Each structure stands twice: as structure tokens, then as C-alpha cells.
Amino acid sequence: MVIVLVYFARIDRCVRDNCRCVQCVNQDTKQRNFDTFKIPHDIEATSVQKTEDGFEVTWSDSHVSKHPWKWLEWEARQDKRGQTFGINANGWPAPKLWGSEIASKPPTVLFKDVMDDNSKDGMPKLTSNIREWGFCFVDNTPVAPEDTQKVLEKIGPIRETHYGGFYDFVPDMAMADTAYTTLALPAHTDTTYFTEPARLQAFHMLSHIGNDGSQPTGGKSLLVDGLKVAEQVRAESPENFQVLAKFKVPWHASGNKGIAIAPDAALPVFELLEDDKILRVRWNNDDRGILPLDGEASPEEWYEAARLWNRLLKSQENEYWVNLKPGSLLIFDNWRVLHGRSEFTGMRRMCGGYIPHDDFVSRWKTSNFPMEDVIGFNLHAK
């Protein structure tokens, strides 16, 4: 109780502002229910009463506020908050890095488990696999766009872009993008031209048939762990790593009529957190603009660094090639995992969509941890 009173003496208004009683917080929406700025500037705690669930404070304006012990515990263990969710102080989880060897046992869950709200092998495992490995297959998904869409919407709302929302397409150039062709695509991330790129991306190949009765060929999908390759760049050449982390590159989407999208600022290939861990990989050389002459390094230095990055991306040990097949839905972290494909013949029908960052993180937390812990973490986040 002494600690509590000292704590109050230092931040009276903050404690009063965070009263959890029914007058101050809507118990259904968890939102504040009063005007913070009507709290008297000179408010003081006049008494503190311990209760079974926490403590009550009587204030100089006669209001009695309620504070569960758990909220005070969250505030007291600032440096340990991330341990609850296995993340660091910046909210980034410790990833499991991989290369071509992942082909022997890729992370996988079953459709029936994902759709079962009570299954620990469903949504909790799916979101944890994506968090840790950067991708996950959902096997035995019915070969229908409607069921694919149900899986994605169970994670979060599908993000609308200039390509639409949920996509279901064949290589007919309906949109001005090489994804709508049969051409090979090198490893890249999507939506580099958005200020915040889409976090999750999904592909479900519904069919692949040949032309005029012929057997279709090619079309293998490529996945590369961008975090692993970025760390290889850092280990081989710290100088080149810093160039890719600091040199701000313009990105754009300009192929479709009436569309000219670019981030609100030029952004580097590696976006770093304060502790130098990688937050996001942004890479699509086809969507890159013109390098500025007055950047954080010279264009020649950037090309040299990008050459190393490109070489390691194409290293056989880093490439995971897989034949996508009907019934196996692939969902991956577009901030981390680069994807591509080999050239193909015939007609492939692919469906999928994008899911935003915040919605994915919310589903991962609420699927794997008690709601009270999730809300406590969110309310006390730095």
C-alpha cells in the first residue's frame, strides 16, 4: 500500500484518468466514458482502500475510482511486458529463420481446425506459424473461392486495393501487372508502393489446365525468407546492410489507368526498429523508381549493396520452390517472405487476398492469449 500511495503522489491525474469503474469505462466497448479534461488540475487522492480484486481510491472531487491489481501489475513490469507475447520491447517477435530445407516440413494446419473456434490446432496454430515462420499452408481447403475467402475473413477483413478486395484471376492481363501474365516472377514483396504494405498475402490455386488439351507446364511458386537473407547481408557486409537500411528508395504503381500510387515518403529496402532488428523488407525491383542522386549514400553504393542482396536472394540454399495445388491455401507474411514463380503454360486460376497488419496481429493475440492479457498489453503499450 505504501508503494501505491507513493505512486499516486507522483501521478494523481493519470491514476484518476484510468479509473475502471462503470461510470468511467463502458464495460461493453472498453472505451472511456467521461471527459478527461474535466478532472481538476489539482486533484489529490484522499484515501486508498484495498478490495478483493484490487483497490479503490477516494479523490478530492469525491469520485471513488476502481483499479484491478492486474492493471497495476502491468504498469509495474514495463520491461517484462513483451515476455507475455514472446516479443521484444518494440513489438516484434523472434522469428525462426529458414531456407530451402523448409521444404521437408513446411508449417501446415487443416482447414477444419481453422474453422473450428475451439481447436488449438486451428487459428492459434495458423497465426503462430505465420508469426514464427512467416508462412503457413491450410490443407484440405475446399477448392472454391468462397471457402478460401472464409478462411481469410476469419483472420481479419480483406484489404481493398486498386486490384479490388478478394481476388480470383487468370493470366489475362485484366490488370496492368506482370502477375496477370504467364511470365516468371523473381522473388519480391507485394504493395511496396503503399506507405504500409499489406501484411498478409494468400494464394490458393484453384486449377491449372493446359491449352487445347495439352499438359500444363511450369508455374512453381517460390518463397524466400527475407529476414534470413537480410541477416546474411548484415553478416557478410555490414556496410552494404546499412546502405540498404538507410538509402531511401522511391516505389510506385503506375500501370493502371487513373492509378499513380506511391508511399508518402521514399523508403529503404530494410526498415529497422530502434534496436536494429528488421521490421519490414520492401523489395520489388520492377516497382522501384529512380534512385536519388543526393541520397544517404551514392547510387553506386546502393547498386553494390543491392547486388549482394540479389545474389543471396537467388542462392539455392535460400529458395523454397513448391508446386501450389488445389486444396492447399498458402498464407504468408508479406513484410518478411518474398514470393515469385517460374514461367508457365496453360491457364491457372488463382484466388486470395491481402490482410492488414493490425488485424493480423489482433487475431494472433486474441487466438493465443487470454483477452484480459491482450487488453492489458494494448493499454500499457509503449
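A polar contact is a pair of N or O atoms within 3.5 Å, where within protein one atom must be able to donate a hydrogen and the other to accept it. In this predicted model, such a contact of 2.9 Å joins the side chains of Glu271 and Arg282.

Glu271 lies in strand E10, which covers residues 270-272, and with a relative accessible area of 10% Glu271 counts as buried, because the cut-off for that class is under 20%. Apart from residues up to four places away in sequence, Glu271 touches Arg282 as well as Lys277, Ile278, Leu279 and Arg280.

In soluble globular proteins, nonpolar side chains tend to be buried together. The largest nonpolar core here has 30 residues, and Leu244, Phe270, Trp283, Trp302 and Trp309 are those with the most contacts inside it.

A second, separate core of 21 residues includes Ile102, Leu223, Val322 and Phe332.

Trp283, not counting residues up to four places away in sequence, touches a set of residues including His188, Thr192, Trp251, Val269, Trp302, Trp309 and Leu338.

Glu44, by contrast in topic, is placed in the loop between helix H2 (12-17) and strand E1 (45-50). Leaving aside neighbours within four places in sequence, Glu44 is in contact with Asp12, Thr58, Trp59 and Ser60, while its C-alpha atom is separated by 67 Å from that of Asn323, 279 residues apart along the chain.

Key. Residues are numbered from 1 along each chain as its sequence is written. This is a predicted model: local features need pLDDT of at least 70, side-chain atom pairs count only at pLDDT 80 or more; totals for chains, interfaces and linings use all residues. Side-chain values use heavy atoms; hydrogens and water are left out. Helices (H or I, at least four residues) and strands (E, at least two) are DSSP runs, numbered from the N terminus. Contact means heavy atoms within 4.5 Å. A nonpolar core is a set of buried Ala, Val, Leu, Ile, Met, Phe, Trp, Tyr and Cys residues joined through side-chain atoms within 4.5 Å. Buried means under 20% relative accessible area, exposed over 50%, partly exposed in between (1.4 Å probe, protein chains only).
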